[in-house]
2 protein chains.
Amino acid sequence: MRNNTFEEIAAALAQGKSILLFPHIHADGDALGSCSALCRALRKAGKDCWVLIEDRIPENLQFLDRDYCTTDQDILGAPDLSVCVDCSDMDRIHNRGRRFLSAKVTVCIDHHRTTDSFCDLNYIDSSAAATGELIYGLLTACGAEIDREIAEAIFAAIVTDTGRFQYSNTSRHTHEIAAALYDAGIDAGHICTEIYESMRMERLMIRNMALNTMSTVAGGRAVIAYVTQEMLRETGAFLDETDGIVEELRSIKGVEAAVFLKEAEDGSIKVSMRSKEALNVAEIAQTMGGGGHIRAAGCTLTCSLSDAYDQIRNRLTDGLERL
Amino acid sequence: MRNNTFEEIAAALAQGKSILLFPHIHADGDALGSCSALCRALRKAGKDCWVLIEDRIPENLQFLDRDYCTTDQDILGAPDLSVCVDCSDMDRIHNRGRRFLSAKVTVCIDHHRTTDSFCDLNYIDSSAAATGELIYGLLTACGAEIDREIAEAIFAAIVTDTGRFQYSNTSRHTHEIAAALYDAGIDAGHICTEIYESMRMERLMIRNMALNTMSTVAGGRAVIAYVTQEMLRETGAFLDETDGIVEELRSIKGVEAAVFLKEAEDGSIKVSMRSKEALNVAEIAQTMGGGGHIRAAGCTLTCSLSDAYDQIRNRLTDGLERL
C-alpha cells in the first residue's frame, strides 16, 4: 500500500467544506486527542467539522472534547470528507461504517499496522509511537498554527499511547515533538493530572478486586485476571475503568505475558493481552479472530468466562514454550 | 548562595584522583541514576570512584549498580573529593557525614530547594526536573562522552523523578535531553521495564492491602492510608515496596492531598505527603520537623500510628480550609 504525502492529504482537507472525523470505537487518548487536535485546526480553517462517536468517552478523557464530539449520526449529512483517525480497520469504525463511506473522499491517518487500505487517501506509519505524532506532522506540513489547545490534545495522544514515553514505540522523534509542544505553552502536568490523576474511587475499588482474581500460568511466566459484570455492579465501576489493569499485571517481575478477561454486558468475553519483551500476542489474538500490536493485542470470545480462561491459558502456555 | 559553573566543578573533578559520590539515604532513581552516570564517566577518565551507600538498593533500581555502589565505609580512605548527588542536606547524607567531610574538597550537585550550602563547590538548580539533567549538563560541559550506559543511567534518573515526564517539573529541556539520549542508543523501553515492570508479587500484595486502609478526611479532599510492620510480615514485602502508593492515592479524582503513613522497624512513623495542584505540603512537613518540595514532602514522627494519623488529619484539614 502506497502512502500519500501529508501535503496531498492537506490539499484534500483544504478542498472540503464539511469533514467528519472517526476515531475507533472505545476511543482512547490517542484517538480522541488526535481527533480533537485535527478538529480544532480544521474549524479554525473555517471547516464544518465534527468528531463522530458512538460510545461513551472515558471520564479521564472528557477534557479533550470541547464540543467536538457528537453521537448524532445524521450530523453534516453526506460530508465532503471522512477521516478515520487512529483506525485503519472498518470493523473498528463499527456502526458508523455507512456514514464513513458516504463521504465524497475518504482519508485514513493511523499508526496501526495494516495490510490493506479502504480509503482514497492514506497516511499509515506503524513506526510512529502515536497517531498524535502523525497529526503533528500533518498540521506542521500544512502550516497550521499549533496553538496551546491543539498542542495539549496532541500531547495527550502521545502520552497515552506511549504509556508516558515508556513503551518501546517511543523514539527520539517522540521527545522532539513533546519538546516542541512546550513552545505552544502546554501545561503537561495538568494534562497528566486529568488523564492519570482523575481516577474515580470506584476505579480503585474494581482494580483491587480484579487484581485479587489473578492466577499464574506457564510456571509464573504469564498471569491471567478477570472482571465480571457482578464485580462491576458491586463496585459501581464502568467496564472501561478496568483499562490499565492488564499493563499492571504485565509489570510483575518475571511475567512475560499478561491477559485480562472482561465479561461484557452481552456476555461476550473481551480479551486484552500484553507481553513484555518476547511473546507476539498479536499472533495469538489473530488465531482467535482478533488482532493488534506485537506487545498489545486483543480479541472477543463468545463463550463462558471459564472456557475463555482455559483457551487463553493453553495458547499462552504453547506460545511461551515456543519462545 | 552562589552557584559555581559546570566548568569549575569539572575542573575540580579533573584535579582529584579519588572521588566518593554520596546519594541521599533511601536512594531513588534520580540519586542512583545520577551517581551511576557520574561514576562511570569518572572511572572512564581514570579516577578511583565509588558510590558510597548505607542502605539497600530497591530491587527495581539494582540494574543501575554495575559495581559502582559499596557499603564499605572505609573505601578510598580520605578521598580527594566528596560529591553529594541529589542531596543538599547533611541529614540526608545520614551516617556517612564524617566520611563526606573527610575529603579535601566537597561538591554538591542537586535540584532540591535549599537555603544554605555546606560544600566548597555547589551546583544547585531547583528548576531542573531531576539531578540527572544536571549530570547531563556537567558531562556535556566538560566534553565527556555520553555512552549508552551513561545515557541509560541519566534516562533512569529523569524518568523516575518526573514520574515518566508527567510531573509539572518536566520542561521542554527535559524532553530535549531525553531526545539527545536516544542518540547514545538507549533502550528506553527496557529501562522502563526494569524500573516499572519488575514489580515483585509481594509489592502488588502490600499495595492492595495498604489501599484497603484508605480513609478520606476534609470532606474527601484528602486521603490517608498506612502500612504497618505486621502487614509487611504478612505479605513478605519490604517497606520500600510501598513507594508509589502515596502518588496512587493522590491520583483519585477530587483528592487534593494524599498522605501515606509507614510504620518503620524502630516504631517511628514515616509520613509521605503529596498534593495535586494547590496545597503546599512542604510547609506542613516543616511544622513537623520535615521538609521537601511543594507537592511532595515528608517527615518522621515518634508517636503511635493512631496519634500520627490524628495529627496529620488535623493539619491537612487546617491546610485545606485555608486554601
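Q: Which residues in helix 5 of chain B do Phe6(B), Glu7(B), Ile9(B) and Ala10(B) in helix 1 of chain B meet?
A: This is a predicted model, in which local features need pLDDT of at least 70, side-chain atom pairs count only at pLDDT 80 or more, and totals for chains, interfaces and linings use all residues. Residues are numbered from 1 along each chain as its sequence is written, while chains are lettered from A and ligands numbered from 1 in the order in which they are written. Contact is judged by C-beta atoms, placed from the backbone, that lie within 7 Å, and the partners in helix 5 of chain B are Gly137(B), Leu138(B) and Ala141(B).

Q: Is helix 1 of chain B roughly parallel or roughly perpendicular to helix 5 of chain B?
A: The two helices, residues 6–15 and residues 131–141 of chain B, pack at an angle of about 70 degrees, with their axes 9 Å apart. Angles under 35 degrees count as roughly parallel, over 145 as roughly antiparallel, 65 to 115 as roughly perpendicular and the rest as oblique, so helix 1 of chain B is to helix 5 of chain B roughly perpendicular.

Q: Where on helix 9 of chain A do its buried residues fall?
A: The buried residues (20 or more other C-beta atoms within 10 Å of their own, whereas exposed means 12 or fewer and partly exposed in between) are Arg203(A), Leu204(A), Ile206(A), Arg207(A) and Ala210(A). Seen down the axis of helix 9 of chain A, they fall within an arc of 170 degrees, so they line one face of the helix.

Methods:
Axes are lines fitted to C-alpha atoms, for helices over the stretch in contact, and angles run from 0 to 180 degrees between N-to-C directions. Helices (H or I, at least four residues) and strands (E, at least two) are DSSP runs, numbered from the N terminus. Two residues are in contact if their C-beta atoms, placed from the backbone, lie within 7 Å. The arc is that of the directions from the helix axis to the C-beta atoms.
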